[in-house]
Amino acid sequence: MVQKYQSPVRVYKYPFELVMAAYEKRFPTCPEIPVFLGSEILHESRSDDGAIHIIERSCKLNVDAPRLLKKIAGVEYVFFIQKNTVNWKERTLRIEAHNETFANRVVVLETCSYSVHPENEEWTCFEQSASLDIKSFFGFESTVEKIAMKQYTSNIKRGKEVIEHYLKELISQGITFIPRWTPPPVCGQKDEGVPAVGHDTDDLPLESGTCGTTKEQTGSSCPPAEAVSPDADKLDADYIERYLGQLTPMQESCLIRLRQWLQETHKGKIPKDEHILRFLRARDFNIDKAREMLCQSLSWRKQYQVDYILQSWRPPALLDEYYTGGWHYQDKDGRPLYILRLGQMDTKGLVKALGEESLLRHVLSINEEGQKRCEENTNIFGRPITSWTCLVDLEGLNMRHLWRPGVKALLRIIEVVEDNYPETLGRLLIVRAPRVFPVLWTLVSPFINENTRQKFLIYSGNNYQGPGGLVDYVDKDVIPDFLGGDCMCTVPEGGLVPKSLYQTEEEPENSDHIRLWTETIYHSASVLKGAPHEIVVEILEGESVITWDFDILKGDVVFSLFHSKRAPETSHKEATLPSTSAAGDNMQLIDKTWVLGVDYSRMESPLVCREGESIQGSHVTRWPGFYILQWKMHGPLPCSGTSLPRVDDVLASLQVSSHKCKLIYYYEVLASKDFRGSMSSLESCNSGFSQLSGATTSSSQSQSSSHLSR
């Protein structure tokens, strides 16, 4: 595999001619670079006007390699051929180098260039690129590659230090200004005595500067402006250090190469440098893996118009009131601080009232806002800030938060965020973790990237108070009041979402947006008089578990579970009453010709579900086949001559204002081996209208292994 390197643009705040004088002091030997043992000129030529000067040298290098490897290779030193082409008129120097030793086994190519800064002609830019291709080396290819890359990268920044060393040496000698090259006088033209730099036999700009001039170095008169890239298409090393942080030479190279690749191939908006860097960090600077991840994310952003989400997304009033999260100053490192009172959030109510689509869009807007705040804090604090801190308060977390559809929605959101916002979380502080937290952590942690998990700090009880707690990461005057601090926090306190706000598919969410998810966890259905709603689940092998979770939004229904060996035909049917509209989201599967006990059999006892109730349950299957979940409109049972109708049935019949019931439901099939310990096997509840999670008492009303709690 060919290893490549591309440097950022390094800027010397000195004129080109003075930098060239410093560069020439490196030859023929340079004590400042121990690996460089010496050089000799092989060929030298000049143009007639002295503007172009070409020198070809043989350079002797001492490679820091194991003695055994040197003995096997049969060499003590390595020789490179270096060709320098300086153009005094254009003020450029191009350096081309390749290895002479083992040229048939190893190919090393290096290109360097010095040129005038495009925005300040008194400054000089330096760029460097190289490639290493080891074809064969006595079976030590991998070892040689590691040695070569280690030595090369260790000497990259050393090269700039050497130039700066010789620049200071020149200035200490009183050489602070060297005239620029001027064309020689035309034949017959009076020579005014202005030296033609590079035109004499030695062609050393140093000599043309020894005229004793003490003119102040022009570049120093310019204030050190804010670090900017010298070219819109290139990165400046000072800019990287100021806005992106300390990177190794190879990390800088990966960033620059990936950025160049995007500029050459990507047709859309080029992401910001800090965004590109996050993807490289997420893939340990493996440029191929980072490129694949970034391209998928850019395609996703374009498809769903995520770049415009901060302008287009307006959170519903329900979110403003019940979503218990918000931004709150910053931590001690200057990272934006986001507070989430997860224990006070009605996750089930939010999912059922808004759907996963709205919650996902809100989470994406939070991430987009976080990136924006990082940029602002980078400018405010004068140092790179590329991630934020999240403080999660779990006070109030209980079993209701382990509700499977809610955690499933959470996992889907985590997956989207991990894929598209890598390395944005700098630290996650979890406080007041209750006993149930390990269960939630066991379920969620496998879906979180290892690098992200290492940023989690978890405090149970009041351990977050005092030394080693929040005060180590957040200033005391910023700690929220509900955590014992003095700072008033504007994050909503949350509460239970009224079931009257639960949404059905008849109320489309975010119709103005392209849907991020084509599938939703919950589905809505209508149950009509004489037209129940039914869904089929095919079980290919026994010992599977069917789980369900549904809410009755309108009317009373009867829930049943059936089994059949025959596959029912899917069909939408219309209401039997002329006064009602088509069933729409009503589906019937059990054919009218089927006979109960012959064509299909009942697996669960009928369960009457009242308006406003939430039902959760599960059934362990015994045989393969087709299992049918049925919701049927509930009506008073026919009375025998000796019995009277129940009071509940009479009241229910009076409360039904139409011949249509509404519900939202979720179901899932699990392998029985995965069921034990899963969210669905935890104790669940059947709650009243004003309750999210009442006192849970298990009931064994249903047959087989199914259990429904009321």
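Here is a short tour of the pocket and the nonpolar cores in this predicted model. Local features need pLDDT of at least 70 and side-chain atom pairs count at pLDDT 80 or more, while totals for chains, interfaces and linings use all residues. Residues are numbered from 1 along each chain as its sequence is written, and side-chain values use heavy atoms, with hydrogens and water left out.

**Stop 1: the largest pocket**

Select Leu340, Val363, Leu410, Ile413 and Ile414, the closest to the pocket's centre among its 46 lining residues. The volume here is about 1200 Å³. (A pocket is an open set of points on a 1 Å grid where a 1.4 Å probe fits, with protein on both sides within 12 Å along at least five of seven lines; lining residues have an atom within 4 Å of a point.) Now colour helix H12 (404-420): H12 gives the most to the lining, with 9 residues. By type, the lining divides into 34 nonpolar, 7 polar and 5 charged residues.

**Stop 2: the largest nonpolar core**

Next, select Tyr323, Leu350 and Ile430, which have the most contacts inside this core of 55 residues.

Zoom in on Tyr323. Beyond its neighbours within four places in sequence, Tyr323 is in contact (heavy atoms within 4.5 Å) with residues including Tyr338, Leu340, Leu350, Val363 and Pro492.

**Stop 3: a separate core**

Finally, pick Met20, Leu93, Tyr114 and Ile175, which belong to a second, separate core of 45 residues.

How values were computed:
Grid points are joined across faces, edges and corners, and a volume is the space filled by probe spheres set on the points. Helices (H or I, at least four residues) and strands (E, at least two) are DSSP runs, numbered from the N terminus. Ala, Val, Leu, Ile, Met, Phe, Trp, Tyr, Cys and Pro count as nonpolar, Asp, Glu, Lys and Arg as charged, and the others, Gly among them, as polar. A nonpolar core is a set of buried Ala, Val, Leu, Ile, Met, Phe, Trp, Tyr and Cys residues joined through side-chain atoms within 4.5 Å. Buried means under 20% relative accessible area, exposed over 50%, partly exposed in between (1.4 Å probe, protein chains only).
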